[in-house]
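Please describe this predicted model in a short report.

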Amino acid sequence: MADTQYILPNDIGVSSLDCREAFRLLSPTERLYAHHLSRAAWYGGLAVLLQTSPEAPYIYALLSRLFRAQDPDQLRQHALAEGLTEDEYQAFLVYAAGVYSNMGNYKSFGDTKFVPNLPKEKLERVILGSEAARRHPEEVRGLWQTCGELMFSLEPRLRHLGLGTEGVTTYFSGNCTMEDAKLAQDFLDSQNLSAYNTRLFKEVDREGKARYDVRLASVLCAEPALDSEVTSKLKSYEFRGSHFQVTRGDYAPILQKVVEQLEKAKAYAANSHQEQMLAQYVESFTQGSVEAHKRGSRFWIQDKGPIVESYIGFIESYRDPFGSRGEFEGFVAMVNKAMSAKFERLVGSAEQLLKELPWPSAFEKDKFLTPDFTSLDVLTFAGSGIPAGINIPNYDDLRQTEGFKNVSLGNVLAVAYTTPREKLTFLEEDDKDLYLRWKGPSFDVQVGLHELLGHGSGKLFVQDEKGAFNFDQETVINPETGERIQSWYQSGETWDSKFSNIASSYEECRAESVGLYLCLHPQVLEIFGIEGADAEDVIYVNWLNMVRAGLLALEFYTPEVSSWRQAHMQARFVILRVLLEAGEGLVAVTPTTGSDGRPDARVRLDRSKIRSVGRPALERFLRRLQVLKSTGDVAGGRALYEGYAAVTDAPPECFLTLRDTVLLRKESRKLIVQPNTRLEGSEVQLLEYEASAAGLIRSFSERFPEDGPKLEEVLTQLATADARFWRGPSEATLGQA
């Protein structure tokens, strides 16, 4: 059997998202709007398969064929007859549910490959003897021959997502290196093109000259179009001795489906903001225009307090090894009014709370643009995973001048982050009951502060294309050096493009630190209805949770290549290091032996020193993070952040040794089962599924009732068309299906 790092255990937690009551309260028109937006999101989410690994689309197609012909119960009978044990068949169901849940065969949280926890020969017998194989023998056999080896392979380079020799990615062709990624980013910056909706493919001609294809995601391919905003960029360029070609049409048939559903949703929009937003999204996905998506995002920001909230596009750059390309995601949710009222009160206090942050006012936005902040019950979240909260859009220019929205995903928080006492690791027994009691409320506070005042704070110093600055060069002083500002962002540069592969984690660290820092403010906890001794307990549990999370983060560090695989967890480890460095017994991480005789560890936080020792340490660290970000000081930012993110076996903590303990006792992230909506006549029905691997599989088997087989054909055709870009000695069979 495979190393436990690379399998999903049979007893993995599975939870169902509950949005029944919120959906029931929607009007018929709101339900239709939500339905078509959900369809758009689910169609677009299929693009993630093509953004993950070369084999992911084939695995998805194979699993979908299997479970369309036989549901999990029917296939079970066949599997047992073929000689599988109950545990082996359950392992296969968990694997299939994991592929659907992560939209690929790499974990969305950690970017680690997972493989079926049963013998390959046994799974082959089940697949080739299945009802799907009986009906379509050549197709099923071809899919298996294409992806079977890669499905199980744990060759070192295939164990994690990464660039070049460090892992697998389909944002870049297999021959691209970090140097290629940097060159391409410089090229994109020179043409004022965003990387968000692109992939990069490299070929080398007979003379050894590199030729790069920058491919934009769009419905249109080579067709002529009126939109000069994009079409004027579709041409060949010579840049620093290399040839670049900008093309479009990536994921075209998938985005066509997205566009069709967005057009249908427009008929049920509640106001002109929503109509114009959807029109711009259609333009963006049709033409391949990030600028159109920005315009749509402006209308989205202006659509205050909608009953049905949504966002869709190439959004988060966590899984691009370079940190610039967005993974497709789309969500649809309904407002939870009770929790939203608390968040609105937090928004009302935001301008005052921003003044409490430890950097000069010149490093804060000129004007706080009051955002929406709502708690939502998710109906649909399509992509590789579901977060607890979101602060979007990610476009720096919009965030600085026009604002953003914050959302907390209430029904996700209710199920995804709960842990039973017996599975609660690395805490003292005396802390466990307090932790379980207050983790939920403390998480609400932390998510609120993280999204609104973490991601929502801070100014970037920019010189625009006309040479004008958005800060006073004569009077603004760097508080770390006592001198005037020496560096800034040039026109066309963004936070992501400038700080590249540390940008996401650095920003998550800044936001988490703001949450810890401001939760000490009495006004914050009063807003959430928490006072007195309860408030002190919530503060303690919030800080304790961050310290514990910093230890758990070691699961996501790869010592072989000295790299982190998950931005949020790297951020939490950095905060742990900062608090350990504060000294005076504030935090301790101690190796122990568990009651089972195996290695264990305990984290301790001295609650009496949170304000006297922890707060000043966090204040100094936060100020440095913000100053380096504001000034675009990449060298200083990297030195600071990568210094704290380094994992060594130096005493007293011996983190590399502790990592082995964390892996020994790790708890797999839960799988989330989402409902479907179905249009019956003019009414929209909500279809719910049981909280199990089989229930998750059924939800996907019923997700595309009209065109499932056609979508799988499209996915494999798109994958096959590009297979040559990743074909190597171990991948020679790719593209034969």
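## Strand E10

Strand E10 (residues 405-409) has five of its five residues buried, so it is largely enclosed by the rest of the structure. Buried here means under 20% relative accessible area, exposed means over 50%, and partly exposed lies in between, with a 1.4 Å probe and protein chains only. Lys 405, Val 407 and Leu 409 cover one side of E10, Asn 406 and Ser 408 the other, and all are buried. Strands (E, at least two residues) and helices (H or I, at least four) are DSSP runs numbered from the N terminus.

E10 has partners on two strands. With E8 it runs parallel, joined by five bridges, and Asp 372 has Lys 405 of E10 as its bridge partner. With E9 the pairing is antiparallel over four bridges, and Ile 390 stands opposite Val 407 of E10. Two strands count as paired if DSSP finds at least two bridges between them.

## Basis of the model

The model is predicted: local features need pLDDT of at least 70 and side-chain atom pairs count only at pLDDT 80 or more, while totals for chains, interfaces and linings use all residues. Residues are numbered from 1 along each chain as its sequence is written, and side-chain values use heavy atoms, with hydrogens and water left out.

## The five-stranded sheet

E10 belongs to an open sheet of five strands in the order E6-E7-E8-E10-E9, with mixed pairing. Strand E6 (308-316) and strand E9 (389-392) are the edge strands, each pairing on one side only. From one strand to the next, the twist averages 35°. Angles run from 0 to 180 degrees between N-to-C directions, and axes are lines fitted to C-alpha atoms, for helices over the stretch in contact.

Val 308 stands opposite Met 334 of E7. Helix H2 (residues 28-45) packs on the sheet and touches E6, E7 and strand E8 (372-382), with its direction at about 60° to that of E8. Helix H13 (residues 272-287) lies across E6 and E7 and runs at about 25° to E6. Contact means heavy atoms within 4.5 Å.

## The four-stranded sheet

A further open sheet has four strands in the order E2-E3-E5-E4, also with mixed pairing. Strand E2 (198-204) and strand E4 (236-239) stand at the edges with a single partner strand each, so one side of each is left without a neighbour in the sheet. Neighbouring strands of this sheet are turned by 30° against each other on average, direction ignored.

E2 pairs with strand E3 (residues 210-217) in the antiparallel sense over seven bridges. Within this pair, Phe 201 stands opposite Asp 213 of E3.

## Residues listed as a binding site

An unreviewed UniProt entry lists His 450, His 455 and Glu 508 under "binding site". They span 59 residues in sequence, yet no two of their C-alpha atoms are more than 8.4 Å apart, so they gather at one spot. The positions are in the numbering used here, feature names are shortened, and annotations may be inferred rather than shown by experiment.

His 450 is in helix H19 (residues 429-454) and is buried, with a relative accessible area of 6%. Leaving out residues up to four places away in sequence, His 450 touches His 455, Glu 508, Ala 511, Glu 512 and Gly 515. Glu 508 lies in helix H21 (residues 503-518) and is buried at 4% relative accessibility. Beyond its neighbours within four places in sequence, Glu 508 is in contact with Tyr 318, His 450, His 455, His 568 and Ala 571. The side chains of Glu 508 and Tyr 318 are joined by a polar contact of 2.8 Å. A polar contact is a pair of N or O atoms within 3.5 Å; within protein, one must be able to donate a hydrogen and the other to accept it, and residues adjacent in sequence count only if both atoms are side-chain atoms.

## Helices H21 and H25

H21 packs against helix H25 (residues 610-630) at an angle of about 145°, with the axes 10 Å apart. Residues making the contact include Tyr 506, Cys 509 and Tyr 517 of H21 and Leu 618, Phe 621 and Leu 625 of H25.

Val 613 also lies in H25 and is buried, with a relative accessible area of 8%. Its C-alpha atom is separated by 6.6 Å from that of Ala 582, 31 residues apart along the chain. Not counting residues up to four places away in sequence, Val 613 touches Ala 582, Gly 583, Glu 584 and Leu 586.
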